[in-house]
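Thanks for making the time this morning. I would like to walk you through a few pieces of packing and pairing in one model, so please keep the display in view while I talk.

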Amino acid sequence: MHCMSKTTPPVAQRRPTTFSHHGITVTDDYAWLRDPAYPEVTDTAVLAHLAAENDWFNASMAPQQPLTDQLFTEMRGRIKEADRSVPQKDGQFLYWVEYAAGAEYKTWWRRPIGGGPDELILDETALAEGKEYFRLGALSVSNDGRLLAWAVDDDGSERFTARVKVIASGEVLPDAIPETLSGLVWTSDDSGIVYARVNDQWRTDTVLLHRLGTPAGEDQVLFYEADEGFRVGVGLSASESWLVISTGDHETGEAWLVPAADPTAPQILVRAREAGVEYDVDVYDLNDGSAPVLYIQTNDTHENFRLATASLSAPGEWTTLVEGTQDFYLTGFDLFRDFYVTEGRVRGLDRIEVRYYDDPARIEPIEFPEASFEAGLSDNPEWASTTLRLTYESMISPATVFDYDVAARTLAPLKVQEIPSGYDAELYWTERLEIPARDGTMVPVSVMARKDRADAPSPLYLYGYGAYGTAIGPGFSTGRLSLVDRGMVFAIAHIRGGDDLGRHWYKDGKLDKRTNTFNDFVDVAKGLIDRGLTAPGRIAISGGSAGGELMGAVANSDPGLWGAVVAHVPFVDVLNTMLDETLPLTPGEWPEWGNPIEDKAAFELIRSYSPYDQVRAQAYPPMLVTAGLNDPRVTYWEPAKWVAKLRELKTDGNMLLLKTNMGAGHGGKSGRFESLKEVAEEFAFILWQLQLSNV
């Protein structure tokens, strides 16, 4: 039964179920919150409990509504209502996107290079009308510029349906391609589209060719990936003459090439998969009769990746072009007709280098003005380009779009993110600190605050992720100014599990080293306290998905440090999820977390840190937890079970709230302003709990 009123939180019924692995028996009192019919959620008891939690969230946050509204108004005021991107040339057209004043979604435009009227090629606002959720996936113009293919997810389930239209007339063709989760790649003659399809387990396992004018059920299978841990995707080479079919999991890759002009031709295997070896491939092809050259980024000889070349006739014989080193972590490369570009990080900071085919010793790094920043290649669609479109930002520098003249080696700013309500970078400071973890490892932390904030120690917002080799860069955010302008310090902990400092940084936070991630985060917080920046109980922490797992782990281990915890779509029921190979993403996750079905040590380790399994009778900090009913990545029952167990066992009177988006998935609400409302709710909760709501 659910006892619910405006004054008491809902209490979930305990219905013990048990399971055993490796001679260990585990009892789960809240397993019933998983609807057996999932992905359909129709169980009335489950829906009633989620509704009761949402009612409790709404009742609890109601007194904070004026603050939430104020925060939302501030955040919206920093976003330019009517905005447009810098046009970019691609073939015979200039392309750009626009936001109309008040619009949640973009419109996509183009104009002929030789002159002519602006053409509206896609109107997201019209497509989203009447829908609670809308997300545009792939978008691809045919080679002749006549047709547009695009894909839409309108419920947050991450299953997209692709359609095709004639741009000039707006006529939508009868073709409808369901269940896509990848790019849409036109064949060279524009007669068909190559794409990857998602199966019932949300795994892209099949590459297909759709011929225009034929039913999707007749699409021809080009490639099938049998390994349930692998996912397949398809893209186009830089010169657009080759399709690249790639497959892999978190630590092993494989790629095949096939001519874009003849997608059903025999495929060329670049190199057979080898456990632990990742690689990406592109093709340098002048289409002039000269032999194409393969460029391969791989970690086969060094964990920080090398760049190698190979011939089409012997694609698996790789010759090193750029050595892998401890100093330079190679994260990507792009080929152009007259030069190529490597992207990577040196000591955690982004580095972009222009290199030349005819002179391997000639390396031209692009110089940026600040000591800590994020920079990368933006949209560079043209093979014969002589300039590079770049993006740049830092913790205190708004996003800037540059064109880099490769020959002149000069940066030209084209657009700086406008903040209509005003912004003065001189009011803020930022620095990159290094704080020792308990094993002596120095962990970088990016910090920003107002120069005129009150004397330390200050309330502090600490963000972390730390998984999948995903780096969290020191980028700019207009939203966080609502905290910083109220005197809070904002910090990002670049903890192990991400690849911020190279591949070893990622490896040192996964599998049997997973607890380094949690320890790093706690030790960063303690280091910030030791430096006088903040104090125990004055730190608000936030993370989502695997970062939500981090929130759960550190709330269990060090509850007294935190003044507020926000966990978005948190991956907290780690043991149960990794034991269930029928769940969409589980087999592909074993290389990241371990396989507790086959490995007793993995079972015991995951159980020792899994936030749901480690909830115990102790005082917990105030907590706000979010979930998405349609979320295929972190299923709704993980946060629901976690909150139910916390309510049962915690010994404090602190606020514990669960908000489930009943019409959205992993990313929360869609739309540029609607999504801000959820940020405003999070910040209002934090300011309330840190007793800053009147600041």
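Let me begin with a convention: a crossing is left-handed if the near helix is turned anticlockwise from the far one by less than a right angle, and right-handed if clockwise. What we are looking at is a predicted model, in which local features need pLDDT of at least 70 and side-chain atom pairs count only at pLDDT 80 or more, while totals for chains, interfaces and linings use all residues. Residues are numbered from 1 along each chain as its sequence is written, and side-chain values use heavy atoms, with hydrogens and water left out.

Helices (H or I, at least four residues) and strands (E, at least two) are DSSP runs, numbered from the N terminus. Axes are lines fitted to C-alpha atoms, for helices over the stretch in contact, and angles run from 0 to 180 degrees between N-to-C directions.

With that in place, helix H2, residues 65–77, packs against H12 at an angle of about 130°, the axes being 8 Å apart. That makes H2 oblique to H12, where angles under 35 degrees count as roughly parallel, over 145 as roughly antiparallel, 65 to 115 as roughly perpendicular and the rest as oblique. The crossing of H2 with H12 is right-handed. In contact terms, meaning heavy atoms within 4.5 Å, H2 contributes residues including Leu67, Leu71 and Phe72, and these face a set in H12 that includes Leu676, Ala680 and Leu687.

How do H1 and H12 cross, left-handed or right-handed? Helix H1 (residues 44–61) and helix H12 (residues 674–689) have axes that come within 12 Å and cross at roughly 60°, and the crossing is left-handed. Here Phe57, Ser60 and Met61 of H1 meet Glu681, Ala684, Phe685 and Trp688 of H12.

Turning to strands, which pair if DSSP finds at least two bridges between them, there is an open sheet of 4 strands in the order S16-S17-S18-S19, with antiparallel pairing. Strand S16 (231–236) and strand S19 (268–269) are at the edges, each with a single partner strand, so one side of each lacks a neighbour in the sheet. Strand S18, residues 253–259, pairs with S19 over 2 bridges, and leucine 257 stands opposite isoleucine 268 in S19.

Finally, taking a salt bridge as a side-chain nitrogen of Lys or Arg within 4 Å of a carboxyl oxygen of Asp or Glu, the count comes to 44. Glutamate 418 forms a salt bridge with lysine 80, their closest N and O atoms being 2.8 Å apart, and this pair links distant parts of the chain, 338 residues apart.
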